[in-house]
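Please open the structure in your viewer and keep the selection panel at hand. The tour below moves from one selection to the next.

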Amino acid sequence: MPASVEVVTEPALTLQLLAWVLAGSLLGGCSGLVPGLHANNFAFLLAGAAPSVPGPPLFVGCAMLAAGVVHTFLNAVPAMALGVPDAEMAITALPGHRLVLEGRGSEAIRLSALGSILAVLAAVPLAVPVTRAVTAAYPTIRAHLSLVLAMVAVALVASEPTWRGRFGGLCSFALATGLGALTLDLSVDAPLEAGGTLAPLFAGLFGAPVLIDAIRGSGIPPQDGEEVTTSRRFVGTTAVAGALAGAVVGYIPGISAAIAAVAVLAVVPDGASDRGYIVATSGVDTANTIFALFALVALGQPRTGVLVAFEETAAPLELPILLAGVVLAGLLGFALVIVVGDAYLELVGRLTYWKISAAVLALLLVLSYLFTGPLGVAIFAAATAIGLVPVRLRCRRVHLMGVLIGPLMLGL
């Protein structure tokens, strides 16, 4: 009898499934709150432990997917609470940090949570028609992937509002491409097998530079309120657009949530605001977990580290059960963000900020070593140096995704 029927007709199995989803959600919540721990690294750690976990492979797979979904909800919290620069650097700060500096950190957390949960609710019914459309077009996209990625890179650079920004974007993209070409395929000898060189690359490119700039900052100012000041229509429209953009991330290699969010903000009215960016990025990031699952079913290719790890569990692709687990995990993630986010901001705001920034930098260095060994420390240092370039040249950090796009575009 198919597992999907068993779960529906057997209350004991249904409760067991709920328990696995809850356990995975709690693990994803914990991983999301640890700065520098990417969902992919966490998934590979889970995959390594999965064979020794007693339980049906389907339920273990559900727990892994739930962990991946909730991670995309909770990782917004440390992203906003840590790395807040001095107010004088607000113009170059990340959108979430700018809202924190304005005393609107609680609102930013709620916008992120809304963007994620609305994207989940939109992505589930959209997944089937979008998958059919993309599956039909995928052979053409795959045959011309280098051209598609080159067009994305050009569009990103051209979207910068100033010539200095365009020059900075071009330099950042080129440097990141070179770094990716040199390091992505390196074999590493590390204490933990958790996904290769992506951990030090992303920690150095996107994490460490923000923390370095925050060492001189004065920390988190008092936060004014938690109410969302934008209209429901704006939040809903931006989140649904983010969900659709998540399909692009789920199907096309090298495209990240940040890149897709740039496209969303270009087409959504008033989307270029900090609030719009937060909703769009959160929506893309979370919807990607659903569309990537459908990409695995339709194309047989895992697009995220979570799904690579999912395949290693040999879990059956029972979509109704997996989607039910994902939606439940999304609801749990939404609740966790609201409960934990404000307390996280308050706790960090009471601590000495430069010490926190230094401690998180040290944590990133340790994680780089654990995941990739001594070589990872060198990669982390090189990535950090390149990650400092966009802010100094007044351009967006998204150009650093050249670390993935560039080598794919050049066929390396």
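How far apart are the end C-alpha atoms of helix α7 (residues 105-143)? Select that helix in this predicted model, and you will find that its 39 residues place the end C-alpha atoms only 44 Å apart, short of the 57 Å that a straight helix would reach at 1.5 Å a residue.

Next, show the whole chain, which contains 18 helices and zero strands. Of its 412 residues, 52% are buried, and among contacts with a separation of 6 or more, 83% are between residues 24 or more positions apart.

Move on to helix α13 (residues 274-299), whose 26 residues reach 35 Å from the first C-alpha to the last, close to the 38 Å expected at 1.5 Å a residue. Because 21 of its 26 residues are buried, α13 is largely enclosed by the rest of the structure. Following α13 is G300, which has a positive phi, near 70 degrees.

Finally, select helix α9 (residues 163-183) together with helix α18 (residues 402-409), whose axes come within 7 Å and cross at roughly 70 degrees, which means that α9 is roughly perpendicular to α18. On the α9 side, look for F173, A176, T177, G180 and A181, which meet G402, V403, I405, G406, P407 and M409 in α18. The residues of this contact comprise seven nonpolar, four polar and no charged.

Definitions and conventions:
Residues are numbered from 1 along each chain as its sequence is written. This is a predicted model: local features need pLDDT of at least 70, side-chain atom pairs count only at pLDDT 80 or more; totals for chains, interfaces and linings use all residues. Side-chain values use heavy atoms; hydrogens and water are left out. Axes are lines fitted to C-alpha atoms, for helices over the stretch in contact, and angles run from 0 to 180 degrees between N-to-C directions. Helices (H or I, at least four residues) and strands (E, at least two) are DSSP runs, numbered from the N terminus. Angles under 35 degrees count as roughly parallel, over 145 as roughly antiparallel, 65 to 115 as roughly perpendicular and the rest as oblique. Contact means heavy atoms within 4.5 Å. Ala, Val, Leu, Ile, Met, Phe, Trp, Tyr, Cys and Pro count as nonpolar, Asp, Glu, Lys and Arg as charged, and the others, Gly among them, as polar. The expected span of a helix is 1.5 Å times one less than its number of residues. Buried means under 20% relative accessible area, exposed over 50%, partly exposed in between (1.4 Å probe, protein chains only).
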